[in-house]
Amino acid sequence: MNPVKPGETPRTPWIVGVSGASGTPYAAAVLRALLDAGESVDLVVSRASRLTLLDETGIAFRDAHWQDDLREWLARGADGKPSTFDVGIEGVRHWSAGDLAAGPSSGSYPAKGMIVVPASTACVAGVALGLSKDLLQRAASVTLKEGRKLVVAVRETPLNGQTLRHLVTLDDLGAAVVPASPGFYAGATHIQDLVDFVAGRVLDSAGVGHDLYRRWKGDLGAGFRTTD
């Protein structure tokens, strides 16, 4: 369990927003790693992301049954196999995306920062323009105005000029922009390895410790040798 730092309460969570872009396995990997690191999590799952989650995993995420649905989601591997992971969700608090009176909508609500994974181009635009159309966008705007860490894991290709300008705006505002682009030097042998690489880079930007991928140490060919 991570120690309580000055200015934090016993429960000072990371806010995790899941938008409607493809890439729900990235969100699951980040959530599992945060919980494994002893972090508390406040979860916001957008309306659009629920459609993506249903399409990519067959799981219907419901506010009234979010605990059961979250357990099933986090237990599923990136290859779609159920019961791949054993994850406790006691550290998670769920907020409905339409609840603009929720805790994370206020700057006085204690939080370490926010991770948006995956981040759609619509979500990127909404946060860059300060639209706050739902709790996810509002919480991201609050994170920026309070000077807390915001990590945006954008998942789209190709990127047009408008989205690139929005990403530059977020960078100018202090957010960390992390494209969901897996690296191959860590010796990936499974789709989960590629997903975990992206999740690990997201957590690196947030300053959260993890062991999701093999870090580069300047040893050429080390990743290839681990696959033999």
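In helix α6 (residues 161-172), the residues T163, H166, L167 and L170 are buried, where buried means under 20% relative accessible area, exposed over 50% and partly exposed in between, with a 1.4 Å probe and protein chains only. Seen down the axis of α6, these buried residues fall within an arc of 100 degrees, so they line one face of the helix; the arc is that of the directions from the helix axis to the C-beta atoms. This is a predicted model, in which local features need pLDDT of at least 70 and side-chain atom pairs count only at pLDDT 80 or more, while totals for chains, interfaces and linings use all residues. Residues are numbered from 1 along each chain as its sequence is written, and side-chain values use heavy atoms, with hydrogens and water left out.

**Helix α6**

- Helices (H or I, at least four residues) and strands (E, at least two) are DSSP runs, numbered from the N terminus.
- The buried residues of α6 are covered by elements including α4 (121-129), α5 (135-145), β5 and β6, with contact meaning heavy atoms within 4.5 Å.
- On the face of α6 turned away from its buried side sit the exposed residues R165 and D172.
- At 1.5 Å a residue, the 12 residues of α6 should span 16 Å, and the end C-alpha atoms are 16 Å apart, which agrees; the expected span is 1.5 Å times one less than the number of residues.
- At the start of α6, a side-chain oxygen of N160 reaches to within 3.2 Å of the backbone nitrogen of Q162.
- After α6 comes G174, whose phi is positive, near 105 degrees.

**The sheet and strand β5**

- Six strands form an open sheet in the order β3-β2-β1-β4-β5-β6, with parallel pairing, and two strands count as paired if DSSP finds at least two bridges between them.
- The edge strands of this sheet are β3 and β6, each of which pairs on one side only.
- Five of the six residues of strand β5 (residues 149-154) are buried, so β5 is largely enclosed by the rest of the structure.
- Strand β4 (residues 113-119) runs parallel to β5 and is joined to it by five bridges; I115 stands opposite V151 in β5, and A119 has V154 in β5 as its bridge partner.
- Strand β6 (residues 176-177) pairs with β5 in the parallel sense over two bridges, and in β6 the bridge partner of V152 is V177.
- From β5 the chain crosses through α6 to β6, and this β-α-β crossover is right-handed, meaning that, with the strands pointing away from the viewer, the path from the first strand over the helix to the second runs clockwise.

**Backbone features**

- Most residues other than glycine have a negative phi, and most peptide bonds are trans.
- The peptide bond from V117 to P118 is cis, with omega near -15 degrees, and P118 lies in strand β4.
- A cis peptide bond also joins T157 and P158, with omega about -5 degrees; P158 is placed in the loop between β5 and α6.
- S132, in the loop between α4 and α5, has a positive phi near 50 degrees although it is a residue other than glycine.

**The loop between α3 and β3**

- S83 is found in this loop, where it has a positive phi of about 55 degrees although it is not a glycine, and at 67% relative accessibility S83 counts as exposed.
- E90 also lies in the loop between α3 (66-75) and β3 (92-96), and E90 is exposed, with a relative accessible area of 72%.
- E90 and S40 are 50 residues apart in sequence and 8.6 Å apart in space, C-alpha to C-alpha.

Terms used. A polar contact is a pair of N or O atoms within 3.5 Å; within protein, one must be able to donate a hydrogen and the other to accept it, and residues adjacent in sequence count only if both atoms are side-chain atoms.
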